[in-house]
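Here are some exercises to work through with the structure beside you. Try each task before reading its solution.

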Amino acid sequence: MKSSEWHVETRQSSKTESPSSRDSENAHETGSLSIVILGASGDLAKKKTFPALFHLYEQGFLPRNEVCIFGYARTKITDDELKNRLHGYLVPGKDSSSEQLEEVSKFLHLIKYVSGSYDSKDGFCNLDKEISEHESLKSSAQGSSRRLFYLALPPTVYPSVCKMIKTYCMNKSDLGGWTRIIVEKPFGKDLESAEQLSTQIGELFEEPQIYRIDHYLGKELVQNMLVLRFANRLFVPQWNRDNIANVQIVFREDFGTEGRGGYFDQYGIIRDIIQNHLLQVFCLVAMEKPVSLKAEHIRDEKVKVLESVLPIKDDEVVLGQYEGYRDDATVPDDSNTPTFATIILRVNNERWDGVPFILKAGKALNSRKADIRVQFKDVPGDIFKCMPTNFKCLGKRQERNEFVIRLQPSEAMYMKLIVKKPGLDMEIVESELDLSYRQRYQGVTIPEAYERLILDTIRGDQQHFVRRDELKASWEIFTPLLHQIDEGEFKPIPYKPGTRGPAEADKLLLEKAGYVQTPSYKWIPPTL
């Protein structure tokens with residue numbers, strides 16, 4: 001989902017769901033499955049949630065004899081009107097085959113629509129009645145059914161909606177079924193508001209029932225991080241301050257807010273991208289090896305590394321705002337909201353002491369991409385710095401080994417190496433070992449992040465979701481800086497659209513983070 005779209009988005013609780021609700025080995029459990037999309041008429045539901053459910057249905061994860069999908073929103077429309085609105089987002093293209101169209105038609109038959117307000121007893125009683133009728137038709141024993149509520153809504157209505165679900169739409173007894181909720185970001189605007197929201201929801205649902213979704217945790221190469229780090233002997237001894245000079249986690253968009261400035265201006269680039277998406281990637285890059293692959297062991301380690309982050313220094317932050325941002329009629333003329341930020345995080349532990357982690361995100365830049373760049377230190381005693389006369393080198397060597405993980409687009413991972421260029425001369429050049437997914441895994445469809453995460457929720461696997469103490473720790477890192485920005489104490493630097501952002505950001509990388517850039521090198525995705 002584009003960051004500019006409406007994101008109608010303690011330690012582990014000792015209370016747990018029943019054993020069957022924690023089953024992450026089998027997607028199909030006893031009892032009917034009711035999936036409720038609250039905010040069904042909104043952009044997030046149409047563009048992401050319903051298409052993800054359709055793809056899961058296509059692959060057999062949502063059997064027709066078990067599943068019913070309910071849309072709930074204030075908009076007064078019929079079942080058929082909702083289906084007509086969704087049809088265009090589900091059909092692959094103009095050249096769709098009759099078989100594909102038939103699959104879409106079968107999926108749409110699973111959808112029912114209920115209209116009601118988000119704080120209305122009548123609306124949620126009606127919703128519960130529809131769900132119960134579906135469960136009865138599927139011959140589910142009372143309490144054995146499964147109910148999943150996806151809140152594709154603004155967070156301001158989370159408390160009232162959760163209260164309505166808890167009061168009127170829960171399973172009537174605990175006979176092996178479950179009720180779970182998925183909540184979208186933004187989850188609060190600072191530490192205080194996030195904690196308040198967590199408390200309000202936590203009073204109604206236990207932690208194992210709450211799935212705080214961050215779609216970056218569903219991306220293919222983000223999910224690959226633990227495997228890369230802990231299943232490869234090559235990386236295990238190298239992944240520390242002795243070998244790594246700096247780490248960059250970068251998100252770049254080549255377009256601005258595109259008419260959604262009013263929403264974006266309430267949050268800014270740090271709340272919209274850095275505090276959640278990039279910080280989740282940071283956790284996976286920097287965390288220690290978990291005891292096992294159990295969700296709680298992984299999330300324990302993420303919390304530990306977040307709690308090891310030192311307070312952000314003012315001189316290790318560069319903020320920017322692209323020229324023309326305030327031209328949007330929905331943006332205040334005196335807006336101080338950053339559309340660009342480069343922030344250095346420093347981790348106070350044995351593994352990462354002295355290694356800067358650069359989190360960078362921006363809009364209206366010169367490219368669109370998201371990647372992780374792990375830059376290694378210089379070779380000690382490098383014999384190629386002083387080249388003999390019969391060697392050919394284009395000036396002083398500045399190259400470093402760099403491991404790059406391209407999250408989007410053109411998923412890939414490649415290692416930048418220093419090699420001899422073929423020929424009679426000893427010419428040193430930079431090249432790469434390349435694993436480009438489109439070339440290596442031809443014919444394999446990479447699932448959308450929302451598909452994975454919805455399936456994880458059905459399976460009861462919380463590994464790729466944010467726990468409450470993890471959320472708290474993330475807001476503790478950024479809240480002081482965000483308050484400075486909100487109070488006008490930190491001003492963004494203007495930059496021209498279509499550029500790299502403020503020049504001061506590049507200067508920060510060189511002077512404070514020690515990043516070595518090689519402008520002559522450019523990675524080119526291989527062709528099939």
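**Exercise 1. Find which residues of helix α13 are buried.**

Step 1: Ala449, Tyr450, Glu451, Arg452, Leu453, Ile454, Leu455, Asp456, Thr457 and Ile458 are the buried ones in α13. Buried means under 20% relative accessible area, with a 1.4 Å probe and protein chains only. Helices here are DSSP runs of H or I with at least four residues, strands are runs of E with at least two, and both are numbered from the N terminus.

Step 2: Look for what covers them. The buried residues pack against β1 (33-38), α1 (43-58), β4 (146-151), β5 (178-184), β6 (210-213) and α7 (220-223), where contact means heavy atoms within 4.5 Å.

A word on the model: it is predicted, local features need pLDDT of at least 70, side-chain atom pairs count only at pLDDT 80 or more, and totals for chains, interfaces and linings use all residues. Residues are numbered from 1 along each chain as its sequence is written, and side-chain values use heavy atoms, leaving out hydrogens and water.

**Exercise 2. Work out the order of the strands in the open sheet.**

Step 1: The 6 strands run in the order β3-β2-β1-β4-β5-β6, with parallel pairing. Two strands pair if DSSP finds at least two bridges between them.

Step 2: Check the edges. β3 (111-115) and β6 each have a single partner strand, so one side of each lacks a neighbour in the sheet.

Step 3: Zoom in on one pair. β4 and β5 are joined in the parallel sense over 6 bridges, and Leu148 stands opposite Arg180 in β5.

**Exercise 3. Describe how α1 and α13 pack.**

Step 1: Their axes are 8 Å apart, and the angle is about 65 degrees. Axes are lines fitted to C-alpha atoms over the stretch in contact, and angles run from 0 to 180 degrees between N-to-C directions.

Step 2: That angle makes α1 roughly perpendicular to α13, a label for 65 to 115 degrees.

Step 3: Now name the partners. Leu44, Lys48, Thr49, Ala52, Leu53, His55 and Leu56 of α1 meet Tyr450, Glu451, Ile454 and Leu455 of α13.

Methods. Buried < 20%, exposed > 50% of the residue type's maximum accessible area, 1.4 Å probe, protein only. Parallel < 35°, antiparallel > 145°, perpendicular 65-115°, else oblique.
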